[in-house]
Amino acid sequence: MSRIIASRPSARHRPLFRFPGPSALLSLLLVSIILTSTASSIAAAPGLASETRPAGAIDPPAVSARAIFSYDLTSGVVLYEKNPTERMQVGSTVKIMTALVVMKLGKLDDEVLILESDEVDVEMYSNMQLVAGDTLTVGTLLYGLLLPSGNDGANALARHIGGQISGSDDPNTAINAFVEAMNDMAAELGLRNSNFTNPSGIDSKNSYSSAQDIAILFGRLMKDPKLADIVAQPAYSFLSAGPRPRQYQGQTTNELLNKSGVIGGKTGTTDDAGGCVVFARQVNGGANTVITAVLGSEVTYDSTGMKAEDVRWDDAQKILNEMDARFSWVVPGADDTFPGLAEEMAIWQVEFRDPPAIPVPSGDDSRTTYQLVLGPPVDAGERCGTVRLLVSGRTVGSIPIYQTGAAASLPPVLAWAA
């Protein structure tokens, strides 16, 4: 059973405090214990299967996007959310999962002979212009999958890896096995609002994901050095590996790359999905990375079927601008951001271990508070609880704490908000 030891506001909204009498103190402690015993632990990184996800921080600026989820990958703290768990078509952002499964089950140096079944209608679908009979490596196919968002690259990779899983040379059987692996990984990651039916993200009745799940997936991608390096590239150029080398080249569809600190991203656009983009942005001098998913933005087409307006980039820029104006990154307890936290942690002989800087919003409508939550007594050096972070009463993340000495059996009288 955990104990909520103290809950206090940030320096921007520091109220008066009063010291409760013995009976009031006992009542407060009992209420804290009862409330905490019915709650799950709070996620330090959104989307872990065994933990409750953060509830979100503040509303994003007004945008056309149907759904938004933005969180600090370094600390796990949520910045923005709008319909974060709504199930919807997400277009080629599905290829993030495709790439993750390839990295888990495939070998980058494996050679893949391109078949006619891998090719797509280049007038209808994004592609890397694969030609049947060419041979490419898994590693080079990943560039075509993630930068120009090649559906043909997705087909070839899924068929190759799926064939190894299923032991079948039949393309449909192999791709079905690969899609099953995609859904297995979604279950392992605790993605509650995702189901995949193909490796490319074309619209499908039973295929869906959510802004939160896609952001979590892209956070996983950014932790893979190979994949993070690929999405950081503006373009690629290489020769196929077969006996008749062919030049392959393409460029990223991510219009935000290398702007406003954006270091990688993945796009997606279909009739049902609208305009989608998920991107990673370095903040706090590069010490923190923020992952933001923007799904379902307005996209309009002219009479020839060409895009006339793609609002997702305006939506994304509004979020970036508001993030700069609204958030600062601070280390918990530093600069009196959470007054009293250091003293209370000293009383209980607990400490952070290299705590990350966390995003703290400013503005009269954002009240930043914390709760010091301790579990049962443990030995020195072991994890013993968390510091929950709340914005306007909603939990947005937590940071683990560790025992430095023997846990105090009863704290001195602590101050509660009046």
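What share of the contacts in the protein chain with a separation of 6 or more comes from residues 24 or more positions apart? In this predicted model, such residues account for 65% of those contacts, a contact being heavy atoms within 4.5 Å. Residues are numbered from 1 along each chain as its sequence is written. Because the model is predicted, local features need pLDDT of at least 70 and side-chain atom pairs count only at pLDDT 80 or more, while totals for chains, interfaces and linings use all residues, and side-chain values use heavy atoms, with hydrogens and water left out.

The average pLDDT (the predictor's confidence in each residue, from 0 to 100) is 84 for the protein chain, and 80% of the residues score at least 70. Over residues 410-418, however, the pLDDT is below 50.

The protein chain contains 9 helices and 20 strands, assigned as DSSP runs numbered from the N terminus (helices H or I, at least four residues; strands E, at least two). Of its 418 residues, 54% are buried, where buried means under 20% relative accessible area, exposed over 50%, and partly exposed in between (1.4 Å probe, protein chains only).

Helix H4 (residues 151-166) is largely enclosed by the rest of the structure, because 13 of its 16 residues are buried. At 1.5 Å a residue, H4 should span 22 Å, the expected span being 1.5 Å times one less than the number of residues, and its end C-alpha atoms are 21 Å apart, which agrees. Just after H4, Gly167 takes a positive phi of about 75°.

Tyr125, in the loop between strand S5 (111-113) and strand S6 (135-137), is partly exposed, with a relative accessible area of 33%.
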